[in-house]
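Here is a short briefing on one protein model. Keep the sequence and the 3D view open as you read.

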Amino acid sequence: EEKETAAIDDVGWDRGLLSPSELRLAPRTGFALSFDRDRAVVRGGYGIFLNQWAYSVQTAFARNLPYFFTRQVDVPTTQRVPSFQTRNILTADPTGVVAANIMDHAYAVEYTQTWSGGLQYEVLPSTMFEVSYMGSWTLGADNATIRNVPEPGPGSVQSRREIPALGPIRTIRFDGKSIYHGVTFKAEQRLHRNSTYSVSYTLSSSTDDASSPGATEAEANVPQDVRNVFDETGEWAASSFDHRHLFVASGSYQLPFFQGVGGLTEGVLGGWRVNAVFFAQSGSPFTVNLGVDQANVGSGPAQRPDQLKDPNLPSDQRRPDRWFDTSAFALPAPYTFGSAPRNSVIGPGYANLDLVVAKTWSIGGTRQLEFRWETFNLLNKVNFDLPSRIFGTANFGRIFSAKSPREVQLGMKL
């Protein structure tokens, strides 16, 4: 099969590795209105914010074809005298195909439109209640994909590639998208009668086509079908950091005991304060992937199995040895992509309570001595990591690790 080639001028490219993206407009506006004798404030705003590309994108910029590529030359381990030396191994014929990295020529600056609004109201002296909303829409995110991938089918993968002389081409694309909506309810008391506190709850939703330029524990962040990214049957799904529910409470209380009694009693037992922070969030989604090339498209694309039903179990049935219903997944037919959506399984939630007991002594002049007794994860709550998410492996759906248990530390600071 003959393939035609075109000069860069014929396709509208120039001699640069990227086409310039010269638009840098970032307007912002906002307002604030107070009423009810300044006890209530309504605020709102809109802005466009530009984002700088990640360091990994910058390093990839220096590894573009045709100036940089990798190839493999194998030498038998039993060969005691090397077949090649430094001066000729780089010109030797590669054992396998040449691998490459590129960045899409159509560069775009990532920018986010953000809009927000809220109401704050002083319901009691030193006590405020707030309800707020924030939304954002991101375009031009630098996400990863694979080029030079053949369509699913039988036969040699290499001969079916658009450029048979090259292997899979790892690519950074500049067309990533995401959208976020979140509403927060918050109550806050400033220092009043030896105590202060802040309590908030956020209900949010985040959707994107990839949640990171590189692989994370939740997903590979490269498409299954590189020709179908932005459809819900492709990669458009809940973000891998989409925690729908978030609750945070913090407070500080100055213990009133033995204050003003003087002497050693107040010096040892008086003036203690207690600080606490509680954090809880629902689980975020992750992707179930295959460990085999069922579509016969070669390495690179993150293929998924078929999904037959909802894999998420009721909360009372989730266990470390069976976090989700593994029978909800099946091996796709040969030369096809699986039907399982991206990020279709919800992982474990997280809850943690930290407590600090502290006291400060004045030791002359402006010098102070502080003692702190800090306990992290006071309740010793087991916060599980993600289960094994590779379909067909022996530990599929099982959890083998968790985050840090209770930790106590004592400290003095002068």
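The largest cavity has a volume of about 80 Å³. Of the 15 residues that line the largest cavity, Glu219, Asn221, Val222, Glu235 and Arg342 are the closest to its centre. This is a predicted model: local features need pLDDT of at least 70, side-chain atom pairs count only at pLDDT 80 or more, and totals for chains, interfaces and linings use all residues. Residues are numbered from 1 along each chain as its sequence is written, and side-chain values use heavy atoms, with hydrogens and water left out.

**Cavities**

- A search of the whole structure finds two cavities of 30 Å³ or more.
- A cavity is a set of points, on a 1 Å grid over the protein atoms alone, where a 1.4 Å probe fits but cannot get out; lining residues have an atom within 4 Å of a point.
- A volume is the space filled by probe spheres set on the points, and grid points are joined across faces, edges and corners.
- The lining of the largest cavity has six nonpolar, three polar and six charged residues.
- Here Ala, Val, Leu, Ile, Met, Phe, Trp, Tyr, Cys and Pro count as nonpolar, Asp, Glu, Lys and Arg as charged, and the others, Gly among them, as polar.

**Salt bridges**

- Side chains of opposite charge can pair when their charged atoms come close.
- A salt bridge is a side-chain nitrogen of Lys or Arg within 4 Å of a carboxyl oxygen of Asp or Glu.
- By this rule the structure has 17 salt bridges.
- Asp175 pairs with Arg173 in a salt bridge, and their closest N and O atoms are 2.8 Å apart.
- Arg173 is buried, with a relative accessible area of 3%, whereas Asp175 is partly exposed at 35%.
- Those words have cut-offs: buried is under 20% relative accessible area, exposed is over 50%, and partly exposed is in between (1.4 Å probe, protein chains only).
- Asp325 forms a salt bridge with Lys309, with 3.2 Å between the closest N and O atoms.
- Asp325 and Lys309 both lie in the loop between β13 and β14, so the pair ties together parts that are 16 residues apart in sequence.
- Asp325 is buried at 9% relative accessible area, but Lys309 is partly exposed at 44%.
- Asp321 and Arg319 also meet through their side chains in a salt bridge (3.0 Å, N to O).
- Asp321 is partly exposed, with a relative accessible area of 45%, and Arg319 is partly exposed at 41%.
- A network of salt bridges links Arg273, Glu370, Arg372, Glu374 and Lys413.

**Surface patch**

- Phe257, Phe258, Val261, Leu264, Val268 and Leu269 form a nonpolar patch on the surface.
- Together these residues have about 610 Å² of accessible area.
- Patches are made of residues with over 30% relative accessible area and no salt bridge: like charges are joined within 9 Å, nonpolar side chains (Val, Leu, Ile, Met, Phe, Trp, Tyr) within 5 Å.
- Accessible areas come from the Shrake-Rupley method with a 1.4 Å probe; for residues, only the protein chains shown count as cover.
- Phe258 lies in the loop between β9 (245–254) and α3 (263–269).
- Helices (H or I, at least four residues) and strands (E, at least two) are DSSP runs, numbered from the N terminus.
- Phe258 is partly exposed, with a relative accessible area of 40%.

**Positive phi angles**

- Asn296 is not a glycine, yet it has a positive phi of about 60°.
- Asn296 sits in the loop between β12 (289–290) and β13 (306–307), and it counts as buried at 16% relative accessibility.
- Asn343 is another residue other than glycine with a positive phi, near 55°.
- Asn343 lies in the loop between β14 (329–330) and β15 (345–346), and it is buried with a relative accessible area of 7%.

**Distances along the chain and in space**

- Thr375 is in strand β17 (residues 368–376) and counts as buried at 8% relative accessibility.
- Thr375 and Arg406 are 31 residues apart in sequence and 7.1 Å apart in space, C-alpha to C-alpha.
- Pro314 is in the loop between β13 and β14, and it is partly exposed at 41% relative accessible area.
- The C-alpha atoms of Pro314 and Phe324 are separated by 8.9 Å, with the two residues 10 apart along the chain.

Terms used
1 Å grid on protein atoms, 1.4 Å probe; cavity = no way out; pocket = protein on both sides within 12 Å on 5 of 7 lines; lining within 4 Å.
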